[in-house]
Number of protein chains: 2
Amino acid sequence: MTGETVLVIEDTPAIGRALRAALEARGYHAVLAMTGKDGIDAAAVSDPGAIILDLGLPDMDGRDVCRRIRTWSDVPIIVLTVDDSEQRKVETLDIGADDYVTKPFSTPELLARVRVALRRGRAVDGEPPDPILTVGDVVVDVPHHRVQVAGEDVELTPKEFAFLALLARYPGRVLTHRAILQEVWGPEYGSETQYLRVYASQLRKKLGEDPSAPRLVTEPGVGYRLVDRAAIPEP
Amino acid sequence: MTGETVLVIEDTPAIGRALRAALEARGYHAVLAMTGKDGIDAAAVSDPGAIILDLGLPDMDGRDVCRRIRTWSDVPIIVLTVDDSEQRKVETLDIGADDYVTKPFSTPELLARVRVALRRGRAVDGEPPDPILTVGDVVVDVPHHRVQVAGEDVELTPKEFAFLALLARYPGRVLTHRAILQEVWGPEYGSETQYLRVYASQLRKKLGEDPSAPRLVTEPGVGYRLVDRAAIPEP
DNA sequence: GCCCGGTATCAAGAAGCCGTCAAGCAGTTG
DNA sequence: CAACTGCTTGACGGCTTCTTGATACCGGGC
């Protein structure tokens, strides 16, 4: 979750503070650097999702800052400067900047361009694989909302599914009555243990439980847990 | 290697020709479209690495063109327009444009911004999503807003289409009521599940669903999913 | 053998969700 | 302004799921 950090490299205190305030008002985490050296450091340390870079820095040429950051990072860089010349714009964009905004700038527009930059940056990282929970021969595919036991599809009601998915998320561990009730039924339920008995019973039926080798194990007076039948029972 | 194609959607012949010449002089393959409809077609067919889009088109609002292309593609879009009002800029960037250049523009600067766009586009590259989604005998052509079932064209309203296209993008996967409502109707809708029932019903009618082998499956209490009727249920 | 706390199972009524129809409304087009 | 299209909303029957109470079960302590 580093994508929502925006690094501002800007030596004029008034502009830097204004940008930080505007960014933070929008919910971003803003990091402010006032020199090129600090900016490069901050780019490496804070791993921002986008950078706003003023070209007119006291200690080094802003374009060198851009080049330096580009040697190791593809983070979107929005350049901010008073220089409106076409040649300078082309040069700057070609050394790796993603956008070029001239001062005086409109804050809403700059923020919109920051959103574009963050949007682009996020798109790079691939989507995470589907989290599929497996406990023994029980497979709980949460995104697809599907359950299989020994390769066979099993139809579950929403509450049944939530119950099983919760247990499957903590394989082998006991979940207390209270914890299950609050997670599946809601925070105001905590003592309706009868629900659990009913649903545990229904689940066992649907899972095709063998009473001598249960997958859904009762911990009397405590709660329930889901175990891998093939696992070694002795610790 | 389609990344070096640039699509220009521009109705003024002089500007279109000038841009094409400038792009081809730089070694890019330029495709020119003079209407929004043609532009959307070309975006789907020629799979460009970047798009230059004039907002002032004769047949439709340029922002709608942008939105439409964004329904299936992340190709960088550089918007070109005479309107330099801040509000319009912010709006346009927020609906998915990557850059905003006002006329009269500097050709070298625009070309530099095209280079940025192509650079970014390549970096993102993963795998381009197919703009034509197929789930069993249901074919959803997102760019053309066209749907076929078993080879037969089916007429859908915009909301129906958005609903179906969303489901088709995640074949077999359950999309929750909330997710569908927010994607199709907007973020402020989240609990109007009645809409879903009405539209699911209409869709099933138009898709010619067989109640015993539904393509659009209800996941009670959770959401809906689109399945390939012929598919084997084993993962 | 009997009691007792906790558990499993069953079944019936209540509640909620789903599919469908149809009427009202708003925006567009000719 | 009339016809049309698509969106929203209310009503209602049918069905699934949830809840709840009744009853049987099981193991340990006495």
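Let me begin with a definition: a residue is buried if 20 or more other C-beta atoms lie within 10 Å of its own, exposed if 12 or fewer, and partly exposed in between, the C-beta atoms being placed from the backbone. By that rule V90(A) is partly exposed, because 19 other C-beta atoms lie within 10 Å.

This is a predicted model, in which local features need pLDDT of at least 70 and side-chain atom pairs count only at pLDDT 80 or more, while totals for chains, interfaces and linings use all residues. Residues are numbered from 1 along each chain as its sequence is written, and chains are lettered from A and ligands numbered from 1 in the order in which they are written.

V90(A) sits in helix α4, residues 86–94 of chain A; helices (H or I, at least four residues) and strands (E, at least two) are DSSP runs, numbered from the N terminus. Which residues does V90(A) touch, not counting residues up to four places away in sequence? They are P108(B), E109(B) and A112(B), where contact requires C-beta atoms, placed from the backbone, within 7 Å.

I turn to the contact between the chains. Chain A contributes 25 residues and chain B contributes 28 residues. On the side of chain A that touches chain B, α4 and α5 (107–124) each supply at least two residues, and α5(A) has the largest share, with nine residues. By class, this side of chain A holds nine nonpolar, five polar and eleven charged residues. Here Ala, Val, Leu, Ile, Met, Phe, Trp, Tyr, Cys and Pro count as nonpolar, Asp, Glu, Lys and Arg as charged, and the others, Gly among them, as polar.

Next, the DNA. The surface near DNA strand D has nine nonpolar, four polar and five charged residues. The surface near DNA strand C has six nonpolar, eight polar and four charged residues.

Finally, the cores, each a set of buried Ala, Val, Leu, Ile, Met, Phe, Trp, Tyr and Cys residues joined through C-beta atoms within 7 Å. In the largest nonpolar core, of 70 residues, I51(A), L53(A), I78(A), I51(B), L53(B) and I78(B) touch the most other members. α5(A) gives the most to this core, six residues.

How values were computed:
Two residues are in contact if their C-beta atoms, placed from the backbone, lie within 7 Å.
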